[in-house]
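User: Hey, I'm new to this one and could use a quick tour. Can we look at it together?
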Amino acid sequence: MNETTRMTIKFTIFIDESGTLPDIKDKVIVIAAVGTSTPIIIDNIFKTLQKKGKLRKQTGELKFYTAGDKTKQLFFEKIVQEDFNIFILEVEKMGRKITDTPEHFAFLCWLLLNDVLSFYPDIKEIIFDRHFSRDYDIEQFNKFLRRLLPQLPDIQHVDSKKVKRVNIADMIAGAVLANETGKNKKYYKMFEKQIISEKRLNWVEAKRKFLNKKLV
């Protein structure tokens, strides 16, 4: 896709994370953003998986750490055939237990979205796999994120069992984390060429940026 075409199309961004902030067993947290101008393509991928019996029967949900190898293989084969753009943020926690607050998570998403927005001049909507269970926390997250990025378009937080398209971000984030921890590098290698940006930093660096941003 050339620059002129990209500037005239509105894109949808799907975001999810793999790994958790507070669990010290998780050494790395990965946040992935997947952009596309034609989200219906994701529906077609899911239809293919469903026809082949590769989705969970009760929910139709697709998660990296519960999907089988054949399901992952088929999914990522379909991903590389389409025009998806992938953005990655990897944060090394350095053995720390980090409080999972709306402010902390919004800041990490800001670090990722800076790269997304520099690539996409016009975004239609940003769809998060729901991270917080309480509506109040989601409202606080949106407030913090919009304070950092006032130009953001519509933000949605969805249940991945109901809005299955967002599962694409879970699959990407899970594959990146598996690669980063050395557990499985195969699937990351399949879509590596579709990664537009991959930012790595440790929590000390992130926290310094966070504190500096709060002081501004």
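User: Which residue forms a salt bridge with aspartate 170?
Analyst: Keep in mind that this is a predicted model. In it, aspartate 170 pairs with lysine 63, and their closest N and O atoms are 3.8 Å apart.

User: What does lysine 63 do with aspartate 129?
Analyst: Their side chains meet in a salt bridge, at 2.9 Å from N to O. Lysine 63 is in the loop between α2 (40–51) and α3 (69–79), while aspartate 129 belongs to strand β4 (residues 123–129), so this pair ties together parts 66 residues apart in sequence. Aspartate 129 is buried, as is lysine 63.

User: How many salt bridges does the structure hold?
Analyst: It holds 11. One of them joins the side chains of glutamate 90 and arginine 200, again with 2.9 Å from N to O. That pair links distant parts of the chain, with glutamate 90 in strand β3 (residues 85–92) and arginine 200 in strand β6 (residues 195–202), 110 residues apart.

User: Is glutamate 90 buried or exposed?
Analyst: Glutamate 90 counts as buried, because its relative accessibility is 3% and the cut-off is under 20%.

User: Which residues are in the salt-bridge network with Glu90?
Analyst: Glu90 is linked with Glu180, Glu198 and Arg200 in a network of salt bridges.

User: Switching to helices. At roughly what angle do α2 and α3 cross?
Analyst: Roughly 150°, with their axes coming within 10 Å. That makes α2 roughly antiparallel to α3. The crossing of α2 past α3 is right-handed.

User: And which residues meet there?
Analyst: From α2 you have Ile45, Thr48 and Leu49, and they meet Thr71, Leu74, Phe75, Lys78 and Ile79 of α3. Sorted by class, this contact of α2 with α3 has 5 nonpolar, 2 polar and 1 charged residues.

User: How about α3 and α6, at what angle do they cross?
Analyst: Those axes cross at roughly 105° and come within 12 Å. So α3 is roughly perpendicular to α6. On the α3 side the contact is made by Lys72, Phe75, Phe76 and Ile79, and on the α6 side by Ile168, Met171, Ile172 and Ala175.

User: How do the residues of that contact of α3 with α6 divide by class?
Analyst: There are 7 nonpolar residues, no polar ones and 1 charged.

Note on methods. Residues numbered from 1 in each chain as written. Predicted model: local features only at pLDDT ≥ 70, side-chain atom pairs only at ≥ 80, totals over all residues. Heavy atoms only, no water. Salt bridge = Lys/Arg side-chain N within 4 Å of Asp/Glu carboxyl O. Helix = DSSP H or I, 4+ residues; strand = E, 2+ residues; numbered from the N terminus. Buried < 20%, exposed > 50% of the residue type's maximum accessible area, 1.4 Å probe, protein only. Axes fitted to C-alpha atoms, helices over the stretch in contact; angles between N-to-C directions. Parallel < 35°, antiparallel > 145°, perpendicular 65-115°, else oblique. Left-handed = near helix turned anticlockwise from the far one by under 90°. Contact = heavy atoms within 4.5 Å. Nonpolar A, V, L, I, M, F, W, Y, C, P; charged D, E, K, R; others polar.
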